[in-house]
Amino acid sequence: KIVDTKGLRNETPLTQEQMDELREYAISLGFDEDKIEFLGPDSTSKTSIFGDELLLINNDVLPVSNGTTNPNSLISGKGSIAHEVIGHYETVKKGTAFNQIEFINNDFIPNYRNIALDEAQASIRAARFAPGLTDSERMTLLRDGIQRLKNENILLRDVKHLLDINAR
């Protein structure tokens with residue numbers, strides 16, 4: 001009953017030590033401790049920001065341990081928390097997050113271009129502005145952001161002016 005990442009992210013339950021470390025890092029980024037929720041092995045929800053209120057953390061917060069080269073699969077736990085807090089939470093609060101869902105013909109439709117822009121923006125912001133990350137963690141986040149754009153056939157140079165990546 002854990003998040004099934006199809007081998008792309010960690011699929012084992014978090015230890016108490018891992019949860020404590022991730023909680024402390026989120027707090028150090030300015031996230032309210034009372035709004036951090038660990039989902040645990042009975043939840044299949046992914047690590048994410050729920051609206052602008054809750055930081056939901058599950059097993060997929062950690063990287064996979066096999067020899068993949070997929071940047072998203074290699075983002076560390078701290079990198080994942082930075083992606084959620086610095087990347088998503090702060091842009092939702094600032095009003096610079098991308099609308100990922102559109103309401104068309106009485107139906108909610110994912111906007112895959114905006115999803116890629118928002119995810120890339122989150123990873124690039126985390127790489128640039130999150131304190132306490134190693135150079136390797138920053139490079140992995142940057143590679144993830146670029147890969148997310150590439151997956152939608154978007155070049156960073158074509159959308160850089162749209163992204164909130166110049167100041168925290």
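My entries below go from the sheet to the helices, then to a few single residues.

**Ground rules.** I'm working with a predicted model, where local features need pLDDT of at least 70, side-chain atom pairs count only at pLDDT 80 or more, and totals for chains, interfaces and linings use all residues. Residues are numbered from 1 along each chain as its sequence is written, and side-chain values use heavy atoms, with hydrogens and water left out.

**Entry 1, the sheet.** I looked up the strand order and found an open sheet of three strands, β1-β3-β2, with mixed pairing. The edge strands are β1 (36-38) and β2 (48-50), each pairing on one side only. From one strand to the next, the twist averages 30°. For my own reference, helices (H or I, at least four residues) and strands (E, at least two) are DSSP runs, numbered from the N terminus. Two strands pair if DSSP finds at least two bridges between them.

**Entry 2, β1 and its neighbours.** β1 and strand β3 (residues 54-57) run parallel and are joined by three bridges. I noted F38 standing opposite I57 in β3. Helix α1 (residues 16-28) lies across β1 and β3, running at about 160° to β1. Axes here are lines fitted to C-alpha atoms, for helices over the stretch in contact, and angles run from 0 to 180 degrees between N-to-C directions.

Strand β4 (residues 101-104) pairs with strand β5 (residues 107-110) in the antiparallel sense, over four bridges. E102 has I109 in β5 as its bridge partner. Two residues sit between the strands of this hairpin, and N105 takes a positive phi near 50°.

I checked the length of α3 (residues 77-94): its 18 residues should span 26 Å at 1.5 Å a residue, and its end C-alpha atoms are 24 Å apart, which agrees. The expected span is 1.5 Å times one less than the number of residues. Is α3 mostly covered or mostly open? It's mostly covered, with 14 of its 18 residues buried. Buried means under 20% relative accessible area, exposed over 50%, and partly exposed in between (1.4 Å probe, protein chains only). G95 follows α3 and has a positive phi, near 80°.

H88 counts as buried because its relative accessibility is 8%. What does H88 touch? Leaving out residues up to four places away in sequence, I listed I49, H83, D118, E119 and A122. Contact means heavy atoms within 4.5 Å.

Helix α4 (residues 112-129) and helix α5 (residues 135-151) pack at an angle of about 165°, their axes 8 Å apart. That's why I call them roughly antiparallel (angles over 145 degrees; under 35 is roughly parallel, 65 to 115 roughly perpendicular, and the rest oblique). Among the residues that meet are A116, L117 and F129 in α4, and R138, L141 and L149 in α5.

T44 lies in the loop between β1 and β2, and counts as exposed at 58% relative accessibility. The C-alpha atoms of T44 and S76, 32 residues apart along the chain, are separated by 20 Å. E152 lies in the loop between α5 and α6 (156-159), and counts as partly exposed at 36%. Not counting residues up to four places away in sequence, E152 touches Y112, R113 and A116.
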